[in-house]
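Hello,

Here is the structure I promised to pass on to you. Please have a look at it first; my notes follow below.

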Amino acid sequence: MLRLCGLGVVLSLVAAAAAVMTVWLMDWWGPEGPPSGLRLFVPEELARYRGGPGDPGLYLALLGRVYDVSSGRRHYEPGAHYSGFAGRLVGRFYREDGLPTSELTQVEAMVTEGMEANEERQREKHKFPPCNAEWSSAKGSRVWCSQKSGGVNRDWIGVPRKMYKPGAKEPHCVCVRTTGPPSDQQDNPRHSNRGDLDNPNLEEYTGCSPLAMACSFPL
């Protein structure tokens with residue numbers, strides 16, 4: 001992670017983009033984070049690291065720190081979707097005396113908020129894993145649950161339900177646990193042993209048995 005001193009004014013949209021991409025990079029590298037090390041760059045030197053022919057590397061600068069994104073070359077090399085970020089400063093986050101700017105504090109708050117939102121989405125996904133789904137012109141559509149549906153490995157299968165979320169135009173199919181206490185009442189000894197079936201944001205599929213692990217909808 002490398003500290004930079006650069007020029008320019010941070011625009012709000014650029015700050016937002018920096019926050020989003022930083023959350024994405026943190027998720028990409030995992031809990032260990034990026035490789036350690038220390039080296040100082042000036043903008044002119046960083047500009048050599050665009051990933052083009054003859055360039056010494058492919059670097060991305062966010063929040064005043066420089067990351068080697070060579071392993072994600074297809075996203076950042078010249079001509080790729082995010083090539084405009086490579087080899088350039090995204091915002092100014094440290095003053096020339098090395099102290100952080102107010103923009104850094106603002107974006108770090110945005111990053112924290114984004115990471116908390118991502119953690120909440122992951123908790124919700126493990127609570128209500130997405131269904132498997134298929135469609136064909138001959139048979140229509142089918143949704144079903146398994147112990148790995150939605151990419152969530154678990155010791156229960158569940159049953160398909162429509163999940164309605166505030167602000168969403170349409171419901172989506174999730175797998176719902178049918179036994180044990182509700183997820184938000186794990187310590188309640190007087191639970192109804194219906195899992196999360198009574199969640200108010202859920203709705204059964206019309207024409208499908210309430211405890212069926214698969215629901216088909218012929219054309």
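A disulfide here is a pair of cysteine sulfur atoms within 2.5 Å. The structure holds 3 of them, and with bonded cysteines counted along the chain, their pattern is 1-3, 2-4, 5-6.

A word on the origin: this is a predicted model, in which local features need pLDDT of at least 70 and side-chain atom pairs count only at pLDDT 80 or more, while totals for chains, interfaces and linings use all residues. Residues are numbered from 1 along each chain as its sequence is written, and side-chain values use heavy atoms, leaving out hydrogens and water.

Now to the bonds themselves. Cys131 and Cys173 have their sulfur atoms 2.0 Å apart, and this link is left-handed, with -75° about the S-S bond. Cys131 sits in the loop between α4 (102-127) and β4, and Cys173 in strand β7 (residues 172-176), 42 residues apart. (Helices, H or I with at least four residues, and strands, E with at least two, are DSSP runs numbered from the N terminus.) Both Cys131 and Cys173 are buried, meaning under 20% relative accessible area with a 1.4 Å probe, protein chains only.

Cys145 and Cys175 are bonded as well, with sulfur atoms 2.2 Å apart. Cys145 lies in the loop between β5 and β6 (159-163) and Cys175 in strand β7, so this pair ties together parts 30 residues apart in sequence.

The remaining disulfide joins Cys208 to Cys215. Cys208 counts as buried because its relative accessibility is 14%, and Cys215 is buried at 2%.

Best wishes

Key: Buried < 20%, exposed > 50% of the residue type's maximum accessible area, 1.4 Å probe, protein only.
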